[in-house]
Amino acid sequence: NGSDVTLRARLIPATPDTLTSYMKFEVTGLPGSVLSAKLRLTVTATGSSNDGGGVYLVSNDLKGTSTPWTESTTNWNNAPVISGTALSTTGAVTAAQLVEFDVTSVIAGDGIFSFGLKNNSSNDVHYNSKEATSSKPELVIQTSTGAGTPAPTISSFTPTSGVVGQSVTITGTNFTGASDVKFNTTSATFTENSATQITAT
């Protein structure tokens, strides 16, 4: 939610023995604090080792510069360096498998985030890119329901059933500021009696 794949680059040196992939996501409009962030990729092909590799946080800029990397300006010599410890790794993978890499540790809110993919094998694994017709890379972010606002909970209804026009007392928590009450998909008129009680018709 609130994210979009903006760029993707796949680089191969003059001697094609290493393949490196990069992704850049722009995250905007997150409604609350980040609870989790997962990078979802779909496997299209594997080498004999089936090592799915790992995801690393990399610079948003070309190597040694303050110029943002783009798909068209990145090459083998100026691509962001992939180093350090992987944010998340996976084991053996198979074709068509959906793989989730946990990147929660680096997503704190809105921003631009670049990732590099690398595995520990001389074989390669191919994942769908943004050009795929389906199963494109996704950065899936789960947030709280607002800037620290806890979600409402419902513990009971009184009465538990009734006819159209029946007044119903709803008991629960975190009702302050409620903007809508619905029975199935129909909005009801309601009064917020307190943070723990609403009367709806």
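Colleague: Let's start with the charged side chains. How many salt bridges does the structure hold?

Modeller: It holds 3 salt bridges. A salt bridge here is a side-chain nitrogen of Lys or Arg within 4 Å of a carboxyl oxygen of Asp or Glu. Keep in mind that this is a predicted model: local features need pLDDT of at least 70 and side-chain atom pairs pLDDT 80 or more, while totals for chains, interfaces and linings use all residues. Residues are numbered from 1 along each chain as its sequence is written, and side-chain values use heavy atoms, leaving out hydrogens and water.

Colleague: Which residues does Glu-100 meet in salt bridges?

Modeller: Glu-100 meets Lys-38 at 4.0 Å, N to O. That pair links distant parts of the chain, with Glu-100 in strand β6 and Lys-38 in strand β3, 62 residues apart. Strands are DSSP runs (E, at least two residues), numbered from the N terminus. Glu-100 also forms a salt bridge with Arg-40, where the closest N and O atoms are 2.6 Å apart. Arg-40 is in β3 too, 60 residues from Glu-100.

Colleague: And Asp-180, what is its partner?

Modeller: Lys-182, with the closest N and O atoms 3.9 Å apart. Salt bridges that share partners join Lys-38, Arg-40 and Glu-100 into one network.

Colleague: Is Glu-100 buried, partly exposed or exposed?

Modeller: Buried means under 20% relative accessible area, exposed over 50%, and partly exposed in between (1.4 Å probe, protein chains only). Glu-100 has 39%, so it counts as partly exposed. Lys-38, at 25%, is partly exposed as well.

Colleague: Now the inside. Which residues touch the most other members of the largest nonpolar core?

Modeller: In soluble globular proteins, nonpolar side chains tend to be buried together. A nonpolar core is a set of buried Ala, Val, Leu, Ile, Met, Phe, Trp, Tyr and Cys residues joined through side-chain atoms within 4.5 Å. The largest one here has 22 residues, and Leu-39, Val-103, Ile-107, Phe-115, Tyr-127 and Ile-141 touch the most other members. The largest share, 5 residues, comes from β3.

Colleague: How many bridges join β3 to β9?

Modeller: Two strands pair if DSSP finds at least two bridges between them. β3 and β9 are joined by 6 and run antiparallel. Lys-38 stands opposite Val-140 in β9. Val-140 belongs to the uncovered face of β9, while Leu-139, Ile-141 and Thr-143 make up the covered one.

Colleague: In what order do the strands of the open sheet stand?

Modeller: The 4 strands go β10-β11-β15-β14, with antiparallel pairing. β10 and β14 stand at the edges with a single partner strand each, so one side of each is left without a neighbour in the sheet.
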